[in-house]
Each structure stands twice: as C-alpha cells, then as structure tokens.
Amino acid sequence: MMSQVAALEALPVEATGPRPFIRWDENPKVRLGSLGAEPPLDDLVAQLQQSVHGFAEKVMQPIGRNLDRLSAEEVIAPGSQLWAFREAYAELGITMEALATFPPNLMPDIFAILFEELGWGDAGLAISAGVDLLPHYMAAKFGNEFVFKTYPEELIGCWGITEPDHGSDSLDANGAIFHPQGTYGRPNCVAKISDGKVIISGQKSAWVSNGPIAELAILYCAAETKAGIDSSRGAVVIVPLKSLGVSKGKPLEKMGQRALPQGEIFFDNVELDIDHLIVAPEDYKKGVYAIHSEANALMGGVFTGCARAAYEHAFAYAHERKQGGVPIIRHQDVAKRLFHMARKVELSRAITRRVTTFNMLNDMPALQAAMFSKVTATQHALEVASDAVQMFGGNGVTREYPVEKIFRDARSSLIEDGCNEILSIKGGTLMVDPDLLKPTA
Ligand SMILES: Cc1cc2nc3c(=O)[nH]c(=O)nc-3n(C[C@H](O)[C@H](O)[C@H](O)COP(=O)(O)OP(=O)(O)OC[C@H]3O[C@@H](n4cnc5c(N)ncnc54)[C@H](O)[C@@H]3O)c2cc1C
C-alpha cells in the first residue's frame, strides 16, 4: 500500500494545498521571493505588483537619486525630472476611481503591495503619490460627489493639517495627549462657515507634502461658526489652490525624501462655496480619525519598501565585497546582521498587511492598528537602513552608494504623519477599554 507521504507527493500541488509533511531527502534550498515568505498572490495582485515594481525600478529609483542631489527649488522647477515621474505615474492610472473597480477582498493586498513597491522605488516620490489620493479619498469616505464631479483626480493633491504653532496637537483632535495644564491656543488657520460660504484665512506649516506643487488640498483647520472659534470642532475643506487669495512659500530644504516637495500654503480670505466643506465641525474628530487611519497605514507600506531596498543593497554588497579573502557574507556577524534586517522587513510587511486587511474589511478602521503599522515600519526602516550603512563600511556614508540616501529618507519618517512617540501615546489612549475599568463589585 502507498504510504500517506508518497500519496501526497503524487498529487499536484494545487490539489493538495499546503504540504507540511513532505519527507526531507535533501538539504533544503529555499529562496524567499522579493516579498519574503509570501504565499502565492492572486493573479491580479501579482500583475499589479510586477508592473509597479518595474516602474519603481526603471523610473522611480533613477529619478529619486537624481532629485536627491538638487536643491528644493530645482526639484520643482519646470523641466525637472519630478514632472517626468508624475507623467509616467499618471500612466499607471492609480486613481480612487480605478482602485474602486478592484474586487474588495483584494484591496488590502493591493494597497499594501502598491505602497511597498513605490516605497522600494523612492520613499519621497511614494509619499508624493500617496498624498495625491487624499483629497478624493476623503471626498469618497464622506460621500461628497461634488468633488469628483468638479475636480479631476489628475490634479496634484496635498493634505494640510499642521501649522507653525500646531504640529503634534493638530493630529490629536480629541485632546487625548494634551498636557494637563496645556491649552490649544490660537489656531494659525481658520475656516469661517456662514451664509452658504466657507472663507479661509491663515496658513499651514512648511511641512505640507506636495505643498509647493499641489493643485487641490484637503485642508484641516479650526472652524468659526456663530458659536465662535473652537479648534476641537474644526472643518475639513477641499480647496482648489488656484483660488483667489491662495499663495505658497518657498519649498523647504530637508534632510531626506528630497524628491518630495514640502512647503507652506497661505490663505487670504479664500472664499469657497459650501459644497467644498467635506466634514462639518460636528464631525471633525471623525474626519481626523478617517484620514489618519489611512495615512498611517500608507506609511507602513512605503517604509516596508524603503527598508526592503536598504536590505537588498546590503545583501548584494555582502556577496560582492571581499575582506580577509572572502566575501563579507561569509563572516558570521555579517550574515547575522542580514538575518535581522530581513526579519524586520518581514515583520513590517506582515503587520502592514494585517492592518490593511483588518481595517479595509471592517466598517470602521482601527486607528491604533494603523499606528502599529506606521510606528513599526518606520522604526524598522531606520534600523535596517542604519545596518545597511554599517555593512557598506566607509562606502556606506558616501553619496557614491545608495544606502546613505535611504538612511536619510528613513529618518524623516519617524516624524512625518505624527512623531512615533505621539502616535504611541495616542494609540495607547485608544486601547483604554472603559468597560474593563468599571468596578466589578
Ligand atoms: C517628511 C515630512 C512630511 C510631512 N508631511 C506633512 C503633510 O503632508 N501635511 C501636514 O500637514 N504636515 C506634514 N508634516 C508635519 C508632521 O506631521 C509634523 O512635523 C509632526 O506632526 C510633528 O509636529 P512638529 O514638527 O510641529 O513637532 P512638535 O509637535 O513641535 O513636537 C516636537 C517634539 O515634542 C514632542 N511632543 C509634542 N507634544 C507632545 C506630547 N503631547 N507628549 C509628548 N511629547 C510631545 C514630539 O514628540 C517631538 O519630539 C510632515 C513632516 C515631515 C517631517
């Protein structure tokens, strides 16, 4: 009679599914794929992954490296390769409307893999592509069809929430992390809502991603109603940035993600029809929660990809570089370092994929879960990029090799979209279950 193992081996793999009990005749020689220990992907997701990967390799990596060397002004100047990137990215057709045509059960994988591949290509350009989606994403979330009818998705998007006097506190609309003696103080930007109009005055911080090139903003700011100004009950407004009264500051010079333009936006009595109000003051906290859950998960994908790029460079270098007569990969400490780098990439990917799956298949996303993903992936990206620099030895700190740039790109991510320490405090407050704190007696 055929043994159970032989019977299993005789069956085609598709018929048997996972095969945990195969006899080991030889030393295992298993290679992980570019996405690590990835189970087979759905055909549609696999095709998307391959085409975005090709784009990241052929377009994003070389353009990202070139833009990194330019001044912030040169990055946004006419004729800069930033525009070539944007044109080529537009051809991929990744819009909210296109994404809505994918089967919903594939969306979590599509979202996480798309942003991992873009982050692998260039973290700054990936964030630029990600924030592009946010105005229409928020319009879709809050059922505002006017935005889709009036403003094409091709417009360059941005998200303006932080202000010169409000960074961390602007991401904490319910005041959960405020110091007990703290007050919000004066907002730098206010939307006055009255008589069927929204009138915006003030400014957003120099940190608005895509700010200098954006054409459409999703603006989060304090609201002034008949009851006065209450910064905890703000407004979320779609603002076409060609409107009368909008102006912009100079693009900011920063340490990493230099392909991502960053800059202030000023509003001088910018008057818009009330249709532009996406979220009214009574729902402001929901509005902050909605965008932050999305943005933090997006960051998880991008910085998984950024860490993976650093790991792959280190892996290749460890096989090429010889010291003491052997490739450095033969030195046990180098192999051990690579192991921990790969482990961290795999962990970032796993947590991001789990969070996008959980959040997209639930009626309401868990912000604290999105924060798990952002904090883990960005912290790992910094650690993996730092290990890559170390593995390259002296070459690691020169601009001749790619890991120096990736290290700088990764560093900003611990601050971007909320400092990791703030996200951890805020995430912790979301984990308080009042029911468990009730006295049992
Ligand atoms: C690359 C990049 C891209 C960005 N993109 C955007 C964008 O697209 N749109 C946008 O609006 N903004 C953007 N930002 C701004 C970003 O969200 C803020 O920089 C971030 O929220 C921190 O605010 P801050 O810089 O004002 O720091 P602050 O809030 O001044 O914090 C300074 C330090 O104090 C600590 N701290 C502050 N409050 C507390 C507290 N309650 N408890 C404990 N510690 C505290 C912080 O952790 C931090 O270490 C971006 C920033 C970067 C770096």
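These legends walk through several close-up views of one predicted model. Residue numbers start from 1 along each chain as its sequence is written, and side-chain values use heavy atoms, with hydrogens and water left out. In this predicted model, local features need pLDDT of at least 70 and side-chain atom pairs count only at pLDDT 80 or more, while totals for chains, interfaces and linings use all residues.

**View 1. The three domains.**
The protein splits into domain 1 (43–141), domain 2 (155–282) and domain 3 (287–432), with bounds that come from an automatic or database domain assignment. Between the C-alpha centres of domain 1 and domain 2 there are 24 Å. Where these two domains are in contact (heavy atoms within 4.5 Å), domain 1 puts in 24 residues and domain 2 puts in 25 residues.

**View 2. The ligand and the residues around it.**
There are 20 residues around the ligand, and the ones that come nearest are Trp159, Thr162, Ser168, Ser209 and Glu421; a residue is near if one of its heavy atoms lies within 4 Å of the molecule. Where does the ligand sit relative to domain 2 and domain 3? Both domain 2 (155–282) and domain 3 (287–432) give residues to the shell, so the ligand lies between them. Sorted by class, that shell holds ten nonpolar, seven polar and three charged residues. For this count, Ala, Val, Leu, Ile, Met, Phe, Trp, Tyr, Cys and Pro are nonpolar, Asp, Glu, Lys and Arg are charged, and the others, Gly among them, are polar.

Threonine 162 has a side-chain N or O atom 2.8 Å from a nitrogen atom of the ligand. On its own the ligand would expose 980 Å², and the protein buries 69% of that (Shrake-Rupley accessible areas with a 1.4 Å probe; for residues, only the protein chains shown count as cover). Helices (H or I, at least four residues) and strands (E, at least two) are DSSP runs, numbered from the N terminus.

**View 3. Helix α8, buried from end to end.**
Ten of the ten residues of α8 (residues 123–132) are buried, so the helix is largely enclosed by the rest of the structure. Buried means under 20% relative accessible area, exposed means over 50%, and partly exposed is in between (1.4 Å probe, protein chains only). Among the buried residues are Leu125, Ile127 and Val131. At the start of α8, aspartate 122 brings a side-chain oxygen to within 3.1 Å of the backbone nitrogen of glycine 124.

**View 4. Two residues of helix α11.**
Threonine 304 belongs to α11 (residues 284–320) and is buried at 1% relative accessible area. Which residues does threonine 304 contact, leaving aside neighbours within four places in sequence? They are Glu116, Val345, Ser348, Arg349, Thr352 and Ala377. Alanine 309 is also in helix α11 and counts as buried, at 4% relative accessibility. Not counting residues up to four places away in sequence, alanine 309 touches Trp120 and Ile406.

**View 5. Asparagine 359 in helix α12.**
Asparagine 359 lies in α12 (residues 332–361) and is buried, with a relative accessible area of 10%. A polar atom of the asparagine 359 side chain is 2.7 Å from the backbone nitrogen of alanine 366. Residues up to four places away in sequence aside, asparagine 359 touches Pro365, Ala366, Ala369 and Ala370. Its C-alpha is 8.4 Å from that of serine 293, a residue 66 places away along the chain.

**View 6. Positive phi in two loops.**
Glutamine 257 isn't a glycine, yet its phi is positive, near 50°. Glutamine 257 is in the loop between β6 (246–248) and β7 (265–273) and is buried at 1% relative accessible area. Aspartate 417, also not a glycine, has a positive phi of about 65°. Aspartate 417 is found in the loop between α14 (403–412) and α15, and at 15% relative accessibility it counts as buried.

Note on methods
A polar contact is a pair of N or O atoms within 3.5 Å; within protein, one must be able to donate a hydrogen and the other to accept it, and residues adjacent in sequence count only if both atoms are side-chain atoms.
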